[in-house]
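Let's take a walk through a protein together, starting with its sheet and ending with the whole chain. Have a look at the picture before reading on.

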Amino acid sequence: MELAKQEEEEEEEQREWRLYEAYNELHALAQDLHTPFDAPAVLVVGHQTDGKSALVEALMGFQFNHVGGGTKTRRPITLHMKYDPQCESPLCYLVSDTDPSLSHQKSLPQIQAYIEAENARLEQDSSQFSSKEIIIKVEYKYCPNLTIIDTPGLIAPAPGRKNRALQAQARAVESLVRAKMQHKEFIILCLEDCSDWSNATTRRVVMQVDPELARTVIVSTKLDTRIPQFARPSDVEVFLSPPPSTLDGCILGDSPFFTSVPSGRVGCGSGYLYTSNDEFKQAVCFREIEDVASLEEKLGRALSKQERSRIGVSKLRLFLEELLQKRYINNVPLIIPLLEKEYRSVTRKLSDINQELSTLDEAKLKEKGRAFHDMFLTKLSLLLKGTVVAPPDKFGETLQDERINGGAFVGADGVQFPHKLIPNAGMRLYGGAQYHRAMAEFRFVVGGIRCPPITREEIVNACGVEDIHDGTNYSRTACVIAVAKARDTFEPFLHQLGSRLLYILKRLLPISVYLLQKDSEYLSGHEVFLRRVASAFNNFAESTEKSCREKCMEDLVSTTRYVSWSLHNKSRAGLRQFLDSFGGTEHSNACNNPTTTVLSQTSAHEKEDIKSQPDVKLSHVASGTDSSSSIQTTETKLADLLDSTLWNRRLAPSSERIVYGLVQQIFHGIREYFLVSTELKFNCFLLMPIVDKLPALLREDLESAFQDDLDNVFDITNLQHSFGQQKTDIEIELKRIKRLKEKFRMIHEQLILNRAL
């Protein structure tokens, strides 16, 4: 009878171990292949001073010397623990990073050396931390049947600029831990080192992922140091049974666990407290008994059965084992369909690889290249015309992002136009919509530019000396100043517009690739060919932008080299109003403003041009004007004008205003022409060539490459090797999934049989 019972226990133990082994293999497969399923496991989360590593050691039943204060590891450590009553000392196996199906037996010092080497490597890396787990299998007589993932300790850095490096590390660790907590199958072991439950240091991070604490077990560590701090029994009561208002959510186990781990290390010598792991295990048990006694002494009563079930490492270990086993059994029926789905997916991958290998001949490669050329151009055209297929949150840019990445429109004063005033500034745009917004911003910014200030020194310097006389010519002066100001003002904006639009067009490439991948039209594996297409597209965009900018530059140079007054007559009426506004104030001395008088007379002559000459004479007779008197007055004013403009370089306020008015008229005329011609040319000579010239150029480039060196275009030799290696890897992956699927099916059948019996 006893023999049959023993055999039954051994058989039950073997069934449990097969279940644990299957889940351990599933966990390794999920980590290696980044599959959407994962095995239930206990994820330990805590700060560096919460006693996290000591608790993991106590749960394992032996001291694992990678633990301690500070950042001891920069990768999570997964411990697949197996209870083996025959194993007197811990047996550890390090799972290979490159091939998770392989594991090598290592001593604890060897594993510690590996962890330290990884720590040193990541410390020099820009990322500082890695989410890829170090997987260790452990067999020991004190081990529970558990999978525990020990995460890097959270950091609470001090504020201030001098602690920026530590603050960056804290953000990196928190991000890694949050990503691990996203796995719904993981039970989160949240460690708190506090005597007041209102202080939620670790819970603050955990509740960002599990706000209701529905899959979180809360553990208060260092109970032995906490008990002496309580002055009254009521404080202990509140600590052991916190009110629901203090602990939000419905935590696993309904209330927190409380643990203590004795200090001291295992080893030989004066610095070690324990000579063996058996002594350490015994000390953990004694510590638990002492904690219960101390609590009962503080409370003045015996602890209830419910309270005792939450105190000590052994109680936490038993709870986690039972919880994990229940999850294992409940998840078995769910795992099988996921494995079958993954098996079908990998089978399709293998079929695709075989198909790729069968098409590695010249004719088929050329056909694939031409087909990709057509599909790529279709996606480019679609992006310019407008589409919502590509997600804006991934590929779109707000105007602020666009300015940072593609450059901003900045004038000589260094001030940017407020982005909120531009239509659709806050929207994440790409393609044609982003191009249109950039052009609209260019119109807003350049259209609002006013003529820069003009100094008296600039006016006098611009007068200079003519090649045949030393008189002054304020019309020429105004032209010299206006074209110089216009050239200096508008040329930077031309380069900025070219750079911005080129950036927007180059962004079409990765978005097109995404659309091709989404529609299963992407040539995966043909990296050399794809780089050639990308290079041809980028080179075309750069050369086209440069050519277009040069055309615009020619326009700007011609507009600022020679002033055609007919170009600036649009604001002539405004100029007259401007001159009249101050001309009348100096009417008491007409000679002080002869240019205005002449301009007025010129305007009058223009109006009188529509009359016939006899009408003019009749007008003089009718008004009784003496002809000789009129001629004398005109000659006097002409002499005053010459004295004021040609023979006198003393710059009067009226002359200064006249020059300023002329400069404004010329500058604004150049600005309007620059705006219209630049927008038109960029649309005609940058945007349109993408539509009507790029297809022919890409096709010509491809055909030329096909004729010259097809092997280098598609890198056929490397492709054969690459696809061959991929095929081997996928076949291994397929075998692993198939083997694991059969294991879970057998376990599922056994569970059904046990329930029936």
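Start with the sheet: 9 strands build an open, mixed sheet, and they line up as β4-β3-β5-β2-β6-β1-β7-β8-β9. Strands here are DSSP runs (E, at least two residues), numbered from the N terminus, and two of them pair if DSSP finds at least two bridges between them. At the edges sit β4 (103-106) and β9 (257-258), each pairing on one side only.

A word on the source: this is a predicted model, where local features need pLDDT of at least 70 and side-chain atom pairs count only at pLDDT 80 or more, while totals for chains, interfaces and linings use all residues. Residues are numbered from 1 along each chain as its sequence is written, and side-chain values use heavy atoms, leaving out hydrogens and water.

Now zoom in on one pair. Strand β3 (residues 91-95) runs antiparallel to strand β5 (residues 134-140), with 4 bridges between them. Here Leu91 stands opposite Glu139 in β5.

Next, find Ser220 in strand β8 (residues 216-220). Ser220 is buried, with a relative accessible area of 1%; buried means under 20%, using a 1.4 Å probe and protein chains only. Beyond its neighbours within four places in sequence, Ser220 is in contact (heavy atoms within 4.5 Å) with residues including Glu192, Trp197, Arg226 and Phe257.

Finally, zoom out. The protein has 25 helices (H or I runs, at least four residues) and 9 strands. Of its 757 residues, 44% count as buried. Among contacts between residues at least 6 apart in sequence, 82% join residues at least 24 apart.

Methods. Buried < 20%, exposed > 50% of the residue type's maximum accessible area, 1.4 Å probe, protein only.
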